[in-house]
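Dear colleague,

I am passing on to you the structure shown below.

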Amino acid sequence: MAISANALPHAHADEHDHEAYLRKEHLMLDPKPRGEMNALVMESMTTTSWKFWVIAAVMAAIVAIGLFGAWGYMIANGLYLTGKNRPGYWSLFLVHTVFWIGISHAGTFVSALLRVFKAEFRRPFTRAAELMTTFALAQAGIQIFAHMGRVWLAYWMFPIPNQRLLWTNFHSPLMWDFLAINTYLLSSTMYLFLPLIPDLAMARDRSTGWRKSLYRILAMGFRGTEAEWTHLRIALNIFAFAILPVMFSVHTIVSWDFAAAMRPGWSSTIFGPYFVVGALQSGVSAVAMVVITIRYTMKNMDYFIRKEHFDALGKLMLIISMSWAYFFFNDYMVQWYGGDKWTDALLHFHEAGPAGWIWFMMLITNIAIPWLVLWNKNWRRNPVMLFTVGLLANVGMWAERFIIVPVSLEINRMPFMWGQTFKPGIEVPMFIGTVAFFILLYMLASRLIPLVPVWEVQEGQMAHSIRKYGKEPVVSVADLE
Amino acid sequence: MTDKNLLLAIFEDIDPAAHAVDALRGLGIHDEQVTVISGTPITEAMLGRKHQWSNVTRFSLGGAIIGFASGCFLAFATPNMYPIIVGGQPLVPVPPSIVVLFEMTMLVMLISTFLGVFLDSRYPSYTPKEYVPEISDGRIALLLDCPGDMEATITKAMTEAGAESVKRAEAQVI
């Protein structure tokens with residue numbers, strides 16, 4: 001059993017004050033009886049104000065009209081309603097696909113990577129992050145299906161042969177996308193469900209009526225025997241290690257949709273990691289936004305979500321922003337130095353073309369603002385500032401995808417096709433619809449499943465204690481696995 | 001299970017539960033006769049019990065092999081069923097095939113891991129079971145198959161070890 005001990009800053013002259021500070025600061029050092037924590041989580045699920053239902057109804061209306069209504073209208077009238085036009089055949093649908101897949105990366109990153117590295121601050125919000133993966137991938141799937149046009153022929157991508165034994169071409173980047181996104185969707189949903197089982201059993205034990213029936217079915221008879229915990233622990237370890245390369249593969253393959261083409265601006269060997277880091281930039285920022293929203297809108301969440309979590313997420317966002325800047329500059333520098341005239345024309349078009357302000361906004365919101373704000377501990381821990389930085393980072397990452405897809409498609413090796421043909425089309429209300437759908441799914445999930453993995457929090461609290469080195473109280477963590 | 005005389009001893013904390021496990025061994029109750037149930041994962045080492053067997057890793061490995069074989073079929077066999085040269089590439093190019101092999105291996109491996117938990121834990125199971133809701137409130141329960149003539153002795157030993165309650169376990173719908 002490995003034990004590590006870390007001295008914490010802000011030691012006070014009075015060691016009791018310092019202990020009290022540590023307990024207030026760290027959820028892991030402030031345990032409550034398990035029954036009390038269960039009650040807090042159950043109350044947060046079952047206490048719903050009328051405002052919640054009003055917002056849910058508004059979201060549902062936006063989904064019905066903005067997403068499915070617009071989609072149906074587009075199917076009935078044709079893809080000319082979109083902003084696509086020659087030479088920009090890939091337009092906002094692809095921007096939004098990449099955007100949502102990027103958001104989805106946070107769940108796995110926060111849950112799996114931090115689990116592998118035993119980062120204890122992850123415990124209260126891993127489920128909120130995992131939900132993000134599944135819900136965001138659903139939105140990405142909607143964008144892909146919409147982009148297809150004739151969505152009822154989507155089964156042509158399935159790995160089944162036609163009557164002449166002609167299979168889909170598995171050596172095409174579009175089929176890699178199909179395999180990778182489906183692998184990621186299925187694995188992340190399973191990874192969401194496995195650690196949920198003990199919490200569903202907890203909810204089953206404390207519910208009546210339809211909730212009892214629902215949780216009884218979903219908990220599948222879980223009691224918490226040694227054998228059940230052993231199987232679960234082994235499976236979660238396998239998932240945590242295996243889902244990480246899947247996560248990296250998904251956005252790398254999405255980047256290859258572009259990088260495998262011999263187009264100026266797209267044909268880049270660094271697009272894989274650049275896209276992955278970009279996905280983490282938008283995803284971790286979105287996790288921070290969700291965690292802050294949960295903390296301030298759901299009952300009892302102030303116990304589980306604390307300033308230490310904002311602080312940790314803020315640091316992650318800062319590091320990822322620096323990584324994104326590094327990859328962006330690397331990609332830009334090599335293309336600029338290469339001197340290819342078409343690439344030069346494209347880079348000039350990015351900065352000084354009609355969408356130049358979007359290019360500069362991308363740099364400001366992805367680099368300047370996070371760096372200016374997140375270095376400061378007090379600002380990182382301020383929920384309004386962290387939420388704003390997260391929101392702006394997501395706007396910036398949307399801008400990055402916009403620059404890469406429709407703007408870059410305007411400049412190619414055939415000057416007679418140049419021109420800014422992009423115009424916002426029906427993708428705009430559909431995107432707003434997917435945002436509303438994402439929020440609506442989260443809202444409904446918050447009423448149905450425990451958003452805080454109580455057993456994981458308790459496990460963490462069992463492993464933490466305060467020891468004293470001389471007169472200095474320090475946090476001590478035992479590795480209980 | 002209905003023929004057995006099952007006792008359920010409930011403990012508030014891990015230390016008395018560990019003492020109780022030792023006491024049961026002292027009374028000649030084998031580890032196989034005792035099932036530990038808890039609302040938080042408690043490793044076997046904490047209670048001084050032997051390691052639990054799990055087939056989940058075997059399911060994962062089996063899934064990885066099946067996934068790899070499926071990937072080989074999709075990447076290498078299907079192009080030969082209706083040969084079409086695309087983009088000047090060989091009929092079966094290796095680098096793009098690696099992507100298919102990787103994704104299929106991981107997909108089937110993770111599905112097998114997931115199903116492995118279900119099969120090893122025998123989920124779903126809605127038959128009545130010996131259980132009390134206090135367990136998910138953080139209690140630790142020892143469910144033991146108690147020889148009829150030792151019930152009083154075991155109850156006393158459990159109580160002395162610190163059990164909150166010791167009672168006959170009854171299967172109930174949970």
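The buried residues of α4 in chain B pack against β1 (6-11), α1 (14-26) and β5 (165-168) of chain B. Contact here means that the C-beta atoms of two residues, placed from the backbone, lie within 7 Å. Helices (H or I, at least four residues) and strands (E, at least two) are DSSP runs, numbered from the N terminus. Please note that this is a predicted model, in which local features need pLDDT of at least 70 and side-chain atom pairs count only at pLDDT 80 or more, while totals for chains, interfaces and linings use all residues. Residues are numbered from 1 along each chain as its sequence is written, and chains are lettered from A and ligands numbered from 1 in the order in which they are written.

Helix α4 of chain B spans residues 151-161, and its buried residues are B:Ile154, B:Ala157, B:Met158 and B:Ala161. Seen down the axis of α4(B), these buried residues fall within an arc of 100°, so they line one face of the helix; the arc is that of the directions from the helix axis to the C-beta atoms. An α-helix has 3.6 residues a turn, so residues three or four places apart point the same way. On the other side of α4(B), B:Ala152 and B:Glu160 are exposed. A residue counts as buried if 20 or more other C-beta atoms lie within 10 Å of its own, as exposed if 12 or fewer do, and as partly exposed in between, with C-beta atoms placed from the backbone. B:Gly162 follows α4(B) and has a positive phi, near 120°.

Chain B as a whole has 4 helices and 6 strands, in the sequence pattern β-α-β-α-α-β-β-α-β-β. Its radius of gyration is 25 Å, well over the 16 Å that the globule rule gives for 174 residues, so chain B is more spread out than a compact globule. The radius is taken over C-alpha atoms, and the rule is 2.2 Å times the number of residues to the power 0.38. The C-alpha atoms of chain B fill a box of roughly 80 × 30 × 30 Å along the principal axes. The domain assignment, which is automatic or from a database, gives domain 1 (6-53 + 128-172) and domain 2 (56-121) in chain B; their C-alpha centres lie 45 Å apart. Of the 174 residues of chain B, 40% count as buried.

Chain A contains 18 helices and 3 strands. Its radius of gyration is 24 Å, close to the 23 Å of the globule rule for 481 residues, so chain A is as compact as a globular protein of that length. Of the 481 residues of chain A, 46% count as buried.

Where the two chains meet, the contact takes 50 residues from chain A and 52 residues from chain B. In chain A, α2 (34-46), α6 (173-193), α7 (196-205), α9 (226-259) and α18 (454-463) each supply at least two residues of the side that touches chain B. The largest share of that side, 16 residues, comes from α9(A).

As to confidence, the predictor gives the complex an ipTM of 0.95 and a pTM of 0.93.

With kind regards
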